[in-house]
Amino acid sequence: MSAKILVADDEPDVLFMTAFTLRQLGGYEVIEARNGQEALDLSLAHAPALMVLDVQMPQLTGYDVCRQIREHAGMAATPIILLSAKGQASEIEEGQAAGATMYMLKPYAPQQLVEEVGRFVPARR
Amino acid sequence: MNRYRRVDTLLLSLCDPAANSLLQLMTVDHGELRHDYARGPIPPNSYTDIVIRTGAPLMLRNAPQEQAFYGIETALIGGEREPLALVCVPLLNTFGQRFGMLSMQSYTADEYDLRDIDFLTNVAHQIALNIQNATLFKQSQEQVQQLAAETERLELINRVSNWSSATTDLRELFQGIVNEMARATNADQARLLLIDRVRGLAICEAELHDTGAVGQLALPIAGNPAIEWFDQYQTPMLVRDATDDPRFQAAHAVWRASNIRDVLLVPLLVKGEVIGSVGLDMQPRPCSFSEREVATCVTIANQVAQAIAHARLFDQIRRFNVELEQMVAERTAALTAEKERLEAVHTITTALTASLDIDEIVRKTLELAAGAIGVPRGSVLVRDPMRDLLIYRAVLSETEGLSATDKPFDLPSGNLVEWTLEHQQGVMIADVREDERWVALDNTPPEIRSFIAVPLLAADVPLGVLMLNSPQPGFFNDEHMRLLSTIASEVAITVHNAELYNYINEQATRLAELLQVQREETGKNRAILESVAEGVLVLDEADTVVLFNRAASQVLHIADDVVLGRDLRSIAEHGTGDEQERALPLYAALGEGVRGARQQSDPVNRLLELPGQTIDLTITPVTTPDGERVGIAVVLRDITREIESDKTKREFISTVSHELRTPLTSVKGYIDLLLLGTAGPISDLQKNFLQVVKSNADRLNSLVEDILEISRLENGKVKLHIKPLNLPDLINDIAVSLKTETERKRMQLTLEIEPRLPVVEADSKRINQVLTNLLSNAHKYTREGGQITVRAFERAGFIQVDVTDTGVGIPPDELPKMFSRFFRANNSLKEEVGGTGLGLSIAKSFVELHGGDMWVTSELEVGSTFTFTLPVEQGRPAQAEDAHRSINEVANVS
């Protein structure tokens, strides 16, 4: 049974690419969320081992999801990787305040993502 | 009493029982009255004592036998022998108080019986009444006497104060004191001595009977017992039996000669200071110098003291007056003489000062000086500074009268005129024929016998010489010399004034012409300044606005009449409401900028943000070509629109760059996935094509990154994370990371790092970027087999890093543009290498943010050296941000 990773991004291309990378290169079971609300609902339903959240999503942003997840006792320590196309100091700080574990700048290299995720949740291959 | 009973002795004692004192004792012994002045305590256990104590009568029939019974110890009182029988009764006053005892005594025993007690008690009662009456009478008499004495004293005070306040003559006062004191004491002789502490003498100033001692008798103060006494006690000194008093040994002989026995010495005190004493002598006489008399003398002395103080002051003032009058008289005499001399000079100078024409002055001087002294001939020489010659500006002779000439003075050197000018002194020759100093010429008129010359000096500068001569030998005297000297100095001043006037006149004319030219010039300048597009505001050195052009008025929204010709402060004070909101920050920025420009004398640039408006201020000190500061010029540019468009541009760049990242993420990600073979196997050709796509996507990505970095730099959003940085380690790391690429091009990379380089304080990420950029450029623009050298060393508080390559080099005309954005130098490798043209611009900005500098030197086809410096001691910014450090930063590694 491989570990569950939740990936959320409002860009379908990027969402598919991220999910594909984690499945193909990391051998993880990936749950895909197309926006913040879905990410929140699915993570509560599936309790993933790690979450990769895009920051700029409509309605619920990556920060919002992060903050709400942290309020649930069972997910207080779940590693959360934020993905952003901006990457300014103020954003990094906001992510930290919201409870994120790590901040990665887009565009990212697929191998790099797998490597970082693997540090928290061992890959199957 | 004897008629009634046998009484050998009658005894009456009067006492004051409260004080236990016996006042008087009176006995009548066989009809003979005897007084006994035994004043003193009541003898204890005497008859008086017992009767006074008990208040009861006492009768002894046989005294020697009964005395012991009553405890009587006293023996004989009054009588010739001890009485045997006696009766004693107390004397009682009307209040029943005991005040004495009456006793009748007999030498016969058993002489008296009880009836005698009654009898004696009656007698005692009568006596007591009489005594009381007598005492009352005596008391009232004494009061009358006291009143009389007091009246006398007041009369004396009145008299003394009357005569003493009536005079300011010290001698009169002194004589008065002597007379009054002698009168009050009936003294035989009286003398007043005044103490002169400076001379250490007491000098006789007055005496009652003239013996010639006044002004003659002078006693040394030192060792004088009376004066020592006065200084210590300030009270009179009464010497009884003076010739026996050892203190006054020195005076004994004198006193004996005058048969003096008692002496009273009274001090004279003025404001607490002993100024003298009065000595009163008395020949032998009973009851001399009673207490009252001494007191009277003190009263007199006190009474007169104030008058003496006044008189002394008056005397002093009078003496000052006399001295002053004398001084005034002397000065008046001197002034009168001076006045007469000045009048002569005045006549001349009044005539002169009216004129500013030098010839006129000189002619008049000569005429008036000759007239005042009474000679017919003379001349005045005046120096002509242009020709450096002395000119006969005025000549007076009997034949030709007064004339002006232009003839130069041409005597051979060593003449008197020369001497006068050189020594700045007048000279007098009594007889020219006998004086060696006189240079005799053939044409010297024979009628010149005596001669006088004085220099004309203005502020010690010799202007010329005034000379007079006379046919009479020894004509001139010292008085003439003084008069001429005075005239000469007056004339010199006048001549000097005239010269100054001429000079000023010329200058004024020249300046007026200059002013006219300048006025025209200023008018032109003003017109130009008025019409320029930039706002111009000019202040003079007193901060008064002297120019405020139309554009300035438009930029600042202030009418020119509000500020023109007023203090700069009027900007702050103008307007109401919204205008005020603008006015205050505007004035603050202007004022601060103007002060800054004044202090450093360099132009100051300020950006002024007002609500909805941004104004660029350039504040420049205005100096004349001579470097004299004349004011401050402020150029105002409304750059609101530039700022706004700049802001829009920056926002646009930022947004576009972010928007580009999202598609780039997909492009780069999917290519990577394809290349990784995650979507199935790919052919080598496909792989090559994908590599081309990937490298172009990377280029696009780095372009986006560079643009974002520039945008952050422009927005001032780049914050440095300053920490101690080990530069040699950093250089090594970068060299290692480039190893693969340098080896591929068979390049040699050499590091020359000075040992023990100080640690710098810097943002390691940014410096890494800088070094990576320089080394990467060196690598890119150097052909295969080339050489790259990195040197790091300390120089003047900075660490300098040189990155030198043996590359293609940079054309000299392109060197200045090397750090401009998007600029890429022209060279053979340009197309091959590619690049955004932003890297160096960013690197230079980073170095500058650290307080360092960056520059380049290069030679075409030889190589380039890029250099940057970092200060060794970099101040740590207050808001160093390390907050996100706990989140791993992957961004810069990707």
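Student: Two strands pair if DSSP finds at least two bridges between them; in what order do the six strands of the open sheet in chain B stand?

Tutor: The order is 10-9-8-13-12-11 in chain B, with antiparallel pairing; strands here are DSSP runs (E, at least two residues), numbered from the N terminus. This is a predicted model, in which local features need pLDDT of at least 70, side-chain atom pairs 80 or more, and totals use all residues. Residues count from 1 along each chain, chains are lettered from A in written order, and side-chain values use heavy atoms, without hydrogens and water.

Student: Which strands stand at the edges?

Tutor: Strand 10 (218-220) and strand 11 (237-239) of chain B do; each has a single partner strand, so one side of each lacks a neighbour in the sheet.

Student: And how many bridges join strand 9 to strand 10 in chain B?

Tutor: Three bridges join strand 9 (residues 201-207) of chain B to strand 10 of chain B, and the two run antiparallel. In one of these, B:Leu201 has B:Pro220 of strand 10 as its bridge partner.

Student: Changing topic, how many residues of chain A and chain B are in contact?

Tutor: On chain A, 32 residues are in contact (heavy atoms within 4.5 Å) with 24 residues of chain B.

Student: What area is buried there?

Tutor: About 2600 Å² is buried between chain A and chain B, with 64% from carbon and sulfur atoms; this is accessible area (1.4 Å probe) lost on being put together, summed over both parts. In chain A, A:Met17, A:Gln96 and A:Pro107 lose the most area to chain B, together 22% of what that side buries.

Notes. Buried area is the accessible area (1.4 Å probe) that two parts lose on being put together, summed over both. Two strands pair if DSSP finds at least two bridges between them. Helices (H or I, at least four residues) and strands (E, at least two) are DSSP runs, numbered from the N terminus.
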